[in-house]
Amino acid sequence: MSVFNEKFIAVEKKIDSWEEAITFSGNLLLKEGKILPRYIDAMIENVNKLGPYILIAPNIALPHARPDSGVLEEGISVLVLKQPVYIGGAEDKPALLIICLAAKDAHSHIDLLKTISSWLSDESLVNQMLEVETKDELNEIVRKYYI
Amino acid sequence: MKILAVCGMGFGSSLMLKMTADRVLKKLGVKADVEACDIGTAGGMQADLILTNAEFAKQLAGGQAPVAAILNMASEDEVEKALKENLDL
């Protein structure tokens with residue numbers, strides 16, 4: 001099954017909490033059979049327990065949990081928010097791009113991480129992603145990464 | 001030389017940070033072992049430098065190894081600066 005395609009992207013204007021943002025991005029994986037519902041709870045629990053460390057770059061969050069927290073198949077989803085949420089309630093940690101990661105084990109998702117890493121290191125690409133208003137616009141930007 | 005990349009679970013942002021550090025070290029021609037680990041095990045490990053995010057940097061500060069906070073886990077410039085400031089390269 002495809003790991004990443006247009007089914008796993010979204011642009012949302014009406015999300016106003018970090019929990020809702022993580023749940024929305026997780027639901028993109030859930031409805032395609034990549035994860036069990038408890039994986040979403042585990043991602044939120046991790047932030048509550050460990051803090052807002054899932055912010056991997058300014059404005060970019062990488063919610064994830066352990067493979068044994070309910071991952072069925074590896075996957076990623078990309079959610080662009082049009083108003084920031086504050087991960088773990090930290091006012092200095094706005095997030096506008098939510099990249100939800102589901103890994104099957106500690107190693108097989110290396111290629112996915114490399115892809116995400118290549119986005120993070122390309123400031124103009126990130127800015128383009130943050131500026132989209134519709135899913136079609138987001139699709140135009142990320143479709144070359146579909147795997 | 002041993003560098004630790006630390007995150008909450010040891011296979012997300014820390015692995016990404018390890019990839020970035022490996023690229024920078026290769027570019028600089030420096031041989032070092034970079035290991036990704038979680039915050040729970042990081043405290044008990046020996047290292048010449050710990051790379052992590054701002055939250056965990058606060059928690060890990062004050063130990064034997066210097067700790068550098070990285071904002072963008074994929075930024076080679078940021079990691080290179082942290083390596084040069086903290087290690088005798």
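Predicted model: local features only at pLDDT ≥ 70, side-chain atom pairs only at ≥ 80, totals over all residues.
One salt bridge is counted between chain A and chain B. Side chains of opposite charge can pair when their charged atoms come close.

**A salt bridge within chain A**

- The side chains of A:E32 and A:K7 meet in a salt bridge, with N to O at 3.9 Å.
- A:E32 sits in the loop between α1 (18–30) and α2 of chain A, and A:K7 sits in the segment before β1 (9–12), so this pair ties together parts that are 25 residues apart in sequence.
- A:E32 has 22% relative accessibility and counts as partly exposed, because the buried class ends under 20%.
- A:K7 also counts as partly exposed, at 43% relative accessibility.

- B:E80 forms a salt bridge with B:K84, and their closest N and O atoms are 2.7 Å apart.
- Both B:E80 and B:K84 belong to helix α4 (residues 76–86) of chain B. They are four residues apart, about one turn of the helix.
- B:E80 is buried, with a relative accessible area of 14%.
- B:E85 forms a salt bridge with B:K81, with the closest N and O atoms 3.5 Å apart.
- B:E85 and B:K81 are four residues apart in helix α4 of chain B, so about one helical turn separates them.
- Both B:E85 and B:K81 are exposed.

**A network in chain B**

- Salt bridges link B:R23, B:K27, B:E76, B:E80 and B:K84 in a network.

**The contact between chain A and chain B**

- Chain A puts 23 residues into the contact, and chain B puts in 20 residues.
- The area buried between the two chains is about 1,800 Å². Carbon and sulfur atoms give 69% of that area.
- The one salt bridge counted between the chains joins the side chains of B:E55 and A:K93, at 3.4 Å from N to O.
- Four residue pairs are in polar contact between chain A and chain B, both residues of each pair being at pLDDT 80 or more.
- On the side of chain A that touches chain B, α2 (37–50), β2 (55–57) and α3 (110–120) of chain A each supply at least two residues.
- The largest share of that side comes from α3(A), with six residues.
- The residues on that side of chain A divide into 15 nonpolar, five polar and three charged.

**A buried threonine, B:T20**

- B:T20 is found in helix α1 (residues 13–28) of chain B.
- B:T20 is buried, with a relative accessible area of 0%.
- Leaving aside residues up to four places away in sequence, B:T20 touches B:M73, B:A74, B:S75, B:E76 and B:V79 in chain B, and A:S117 in chain A.

Definitions and conventions:
Residues numbered from 1 in each chain as written. Chains lettered and ligands numbered in written order. Heavy atoms only, no water. Contact = heavy atoms within 4.5 Å. Buried area = accessible area lost by both parts, 1.4 Å probe. Salt bridge = Lys/Arg side-chain N within 4 Å of Asp/Glu carboxyl O. Polar contact = N/O pair within 3.5 Å; in protein donor to acceptor, adjacent residues only side chain to side chain. Nonpolar A, V, L, I, M, F, W, Y, C, P; charged D, E, K, R; others polar. Buried < 20%, exposed > 50% of the residue type's maximum accessible area, 1.4 Å probe, protein only.
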